[in-house]
Amino acid sequence: MNESYLLTNCQGETNTVLINTAPVRDNRGNIIRSIASWRNIEPLKRAEEELRASRDKARNAMRKARERQRILETILVSIPEGITVIEAPAGSLQLVSTYYENFIGVPMEQLFHLTLEERLAIYKDFRRYGETRPGTTEDYPAWRALKTGELVMDEEWIISKKDGTPSVVSVIAAPVRDEQGEITH
């Protein structure tokens with residue numbers, strides 16, 4: 001039989017102990033004595049409480065992460081701005097606003113499979129506003145932010161969409177860095 005008890009030692013410390021008892025029987029089956037052993041399970045109880053608290057904290061973090069994801073998805077669907085989150089180093093898309101998807105004229109499912117270079121190739125023309133020379137991938141603000149860490153603010157570009165319609169867009173591109181300072185997005 002296993003039972004736990006609170007025991008206070010001579011120093012006044014109270015610990016939870018697990019006591020195991022078993023009868024010792026003679027050859028006729030009569031109980032002639034019992035054996036008892038005990039062990040301090042306080043460290044196990046503390047570890048269990050810490051594990052429970054950690055689990056609760058992880059559940060709360062997951063709940064908050066799902067809530068933030070729903071908020072972000074709502075923003076990306078409703079905001080009238082072309083927003084992309086691009087992963088370094090290849091330039092694959094992580095997030096895309098509906099406005100960007102509609103602007104570029106390519107379904108989101110296809111956009112996620114294209115690199116930055118492939119997405120720029122969709123445009124009939126892209127160049128800095130006021131220039132006649134076509135832009136290169138290396139000129140484009142998102143590439144510069146990913147590859148060099150440059151922060152680009154309100155740089156104007158002429159982009160001719162897939163259907164040939166030219167548009168002037170103001171581009172902002174900023175690198176996202178991890179804890180070590182490496183560009184991740």
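This is a predicted model: local features need pLDDT of at least 70, side-chain atom pairs count only at pLDDT 80 or more; totals for chains, interfaces and linings use all residues.

Mentor: Asn2 has Asn20 of strand S2 as its bridge partner.

The S2 and S3 hairpin has 5 residues between its strands, and Gly29 in the turn has a positive phi of about 95°. As a general point, side chains in a regular strand alternate between the two faces of the sheet.

Next comes helix H1 (residues 42-78), which contains Ile71. Together with Leu72 and Ile75, Ile71 forms a nonpolar surface patch with about 240 Å² of accessible area. Ile71 counts as partly exposed because its relative accessibility is 46%, which falls between the 20% and 50% limits. A salt bridge joins Asp56 and Arg55, with the closest N and O atoms 3.3 Å apart. Asp56 is partly exposed at 34%, and Arg55 is partly exposed at 38%.

Further along is the largest nonpolar core, which has 23 residues; among those touching the most other members are Trp157 and Ile159. Elements giving two or more residues to this core include strand S5 (92-96), helix H5 (141-148), strand S7 (152-160) and S8. Ser167 lies in strand S8 (residues 166-173). Ser167 is buried because its relative accessible area of 16% is under the 20% limit. Besides Ile159, the contacts of Ser167 beyond four places in sequence include Phe103 and Trp157.

Last, the charged pairs around Glu155. The side chains of Arg128 and Glu155 meet in a salt bridge at 3.3 Å, N to O. This pair links distant parts of the chain, with Arg128 in strand S6 (residues 125-128) and Glu155 in strand S7, 27 residues apart. Arg144 and Glu155 meet in another salt bridge, at 2.8 Å, N to O. Arg144 is in helix H5 and Glu155 in strand S7, so this pair ties together parts 11 residues apart in sequence. Salt bridges with shared partners join Arg128, Arg144, Glu150 and Glu155 into one network. Both Arg144 and Glu155 are buried, whereas Arg128 is partly exposed at 25%.

Conventions. Residues are numbered from 1 along each chain as its sequence is written. Side-chain values use heavy atoms; hydrogens and water are left out. Helices (H or I, at least four residues) and strands (E, at least two) are DSSP runs, numbered from the N terminus. Buried means under 20% relative accessible area, exposed over 50%, partly exposed in between (1.4 Å probe, protein chains only). Contact means heavy atoms within 4.5 Å. Two strands pair if DSSP finds at least two bridges between them. A nonpolar core is a set of buried Ala, Val, Leu, Ile, Met, Phe, Trp, Tyr and Cys residues joined through side-chain atoms within 4.5 Å. Patches are made of residues with over 30% relative accessible area and no salt bridge: like charges are joined within 9 Å, nonpolar side chains (Val, Leu, Ile, Met, Phe, Trp, Tyr) within 5 Å. Accessible areas come from the Shrake-Rupley method with a 1.4 Å probe; for residues, only the protein chains shown count as cover. A salt bridge is a side-chain nitrogen of Lys or Arg within 4 Å of a carboxyl oxygen of Asp or Glu.
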